[in-house]
Amino acid sequence: MTIFQFPQDFRWGTATASYQIEGAAQEGGRGVSIWDTFARTPGKVFNGDNGDVACDSYHRYEEDIELMKKLGINTYRFSIAWPRIIPDGDGEINREGLDFYHRFVDKLLEAGIEPFCTLYHWDLPQTLEDIGGWGNRRTVDAFVKYAEVIFKEFSGKINFWLTFNEPWCIAFLSNLLGIHAPGNKDLQTSINVAHGLLVAHGKAVQSFRRLGTTGQIGIAPNVCWAEPYSKSPEDQAACDRAIALNTDWFLDPIYKGSYPQFMVDWFEKAGATVPIQEGDMEIISQPIDLLGINYYTMGINRFNPEAGALQSEEVDMGLTKTDIGWPVESRGLYEFMHYLQKYGNVDVYITENGACINDDLENGKINDDRRIAYYEQHLTQIHRIINDGINLKGYMAWSLMDNFEWAEGYRMRFGLVHVDYRSLVRTPKESFYWYQNVIKNNWLETRI
Ligand SMILES: N=NNCCOCCOc1ccc(-c2cn(C[C@@H]3NC[C@@H](O)[C@H]3O)nn2)cc1
């Protein structure tokens, strides 16, 4: 048995997102989002599931906060639904939407839990997608207006802010691979979306500073750590492209003021260019205060000219997988955090990490041992990372509870708390009690 002690001021939390848990999709003045539209498009979401009800957290948030108190977290990452605040994207402000989030944030603060707010976690107002989404500068300006409304309303209550969740998913999973909303499958569109959201990020940071909003602001890329299947230069280059599209494509513009040239050249060979306008890169590279990092798994990649825009394919190495099919390999988190140091020893929070384990209730309990093993391995890496002197300040497990897992619908369960989607009854899993103990002790006791 080994004991890993965490720093006294380490933040322990969980994470969720508006469309995945709130439900009440037609209540409180909420407008239509691209995920409402996508989920209603036949064949896009497993079983035709959608976020109309989800976990009903719009009505049950006080029950959720009681669960957070029981768990013992001091930080809770959530997202605000833009369609609740400005229902048609860039028109009238919906006071009812703001009041909902005030009630929620006030309850969190009352419980001694720090709100960690994501402004955009994929639920774009449909009206803005109808004019071209993030590729249209009107959407960029509408986002800045929405962000400024939120900054003015919640400054002093919220002190941890993220502009965008997983920009790779917003741009490439959703507009090149077509797996997420709005479901485009076009390289130029995806590059336009990536650039638009980066400009929106930079402008929102400028507004955050100009308005004197309290706290710190950043962005949350998702990690695609990859290592080469062979020592061939082609396989190594295939890995470099896979890593760069999730990380460097977004963090080079933010931290260096320019895109990674080798990737720009790669896409130009495919006939796609970045629509940079005068002043864009200066806007994008506004200094930020923190990074959120979302890590789930890593890949062993090799060159394959048939493997999509990157010509990079993950090889199945026969590792243990979670129920969504992702290999369990915590080492990638350690390697990636050292890779990230090229941007400096910036303040980092793990804003998502967790396992899809679809265990169900048995005699009133959920014995999700595989999820506990996943967390034990990944928190061991977290401890190694901190011991190496990297400024890793906190950890948020994905997710507090089972919820709408996008194209997978409700069949994939990432929660520490089980949700019965018929009754909406929440049941803490064994992993909930395991994590509760880690938080209470502020140390990890491993079985090795
Ligand atoms: N990476 N290359 N893939 C190449 C081909 O992939 C095909 C499928 O791709 C992906 C990649 C990544 C994801 C994903 C899901 N989550 C979990 C959510 N995170 C934010 C929060 O809302 C969670 O629900 N994080 N990432 C899904 C599908």
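1. Starting with the strands: β9 and strand β10 (residues 312-314) pair in the antiparallel sense, with three bridges between them. Pairing here requires that DSSP finds at least two bridges between two strands. Within that pair, Phe 303 sits opposite Ser 312 in β10. Strands are DSSP E runs of at least two residues, helices are H or I runs of at least four, and both are numbered from the N terminus.

2. What does β9 do with β7? Strand β7 (residues 225-228) and strand β9 (residues 298-303) run parallel, joined by four bridges. Trp 225 is the residue facing Met 298 in β9. If you're looking at side chains along these, remember that in a regular strand they alternate between the two faces of the sheet.

3. Housekeeping before going on. This is a predicted model, where local features need pLDDT of at least 70, side-chain atom pairs count only at pLDDT 80 or more, and totals for chains, interfaces and linings use all residues. Residues are numbered from 1 along each chain as its sequence is written, and side-chain values use heavy atoms, with hydrogens and water left out.

4. Now the overall picture. The chain has 16 helices and 15 strands. Its radius of gyration is 21 Å, close to the 22 Å from the globule rule for 448 residues, so the chain is as compact as a globular protein of that length. (The radius is taken over C-alpha atoms, and the rule is 2.2 Å times the number of residues to the power 0.38.) The C-alpha trace spans about 55 × 55 × 45 Å along its principal axes.

5. Take the contacts (heavy atoms within 4.5 Å) between residues at least 6 apart in sequence: 77% of them join residues at least 24 apart.

6. Which residues of α8 are buried? Helix α8 (residues 167-175) has nine of its nine residues buried, among them Trp 168, Phe 172 and Leu 173. The buried residues pack against several elements, including β4 (114-120), β5 (160-165) and α9 (187-210).

7. Two cis peptide bonds deserve a look. One joins Ala 181 and Pro 182, with omega about 10°, and Pro 182 is in the loop between α8 and α9. Another runs from Trp 398 to Ser 399, omega near 15°; Ser 399 is in the loop between β12 (392-398) and β13 (417-419). For context, most residues other than glycine have a negative phi, and most peptide bonds are trans.

8. Finally, positive phi. Ala 54, not a glycine, has phi of about 50° in the loop between α2 (34-39) and α3 (57-71), and counts as buried at 5% relative accessibility. Asn 442 has phi near 55° in the loop between α16 (430-441) and β15 (443-446); at 8% relative accessibility, Asn 442 counts as buried.

Methods:
Buried < 20%, exposed > 50% of the residue type's maximum accessible area, 1.4 Å probe, protein only.
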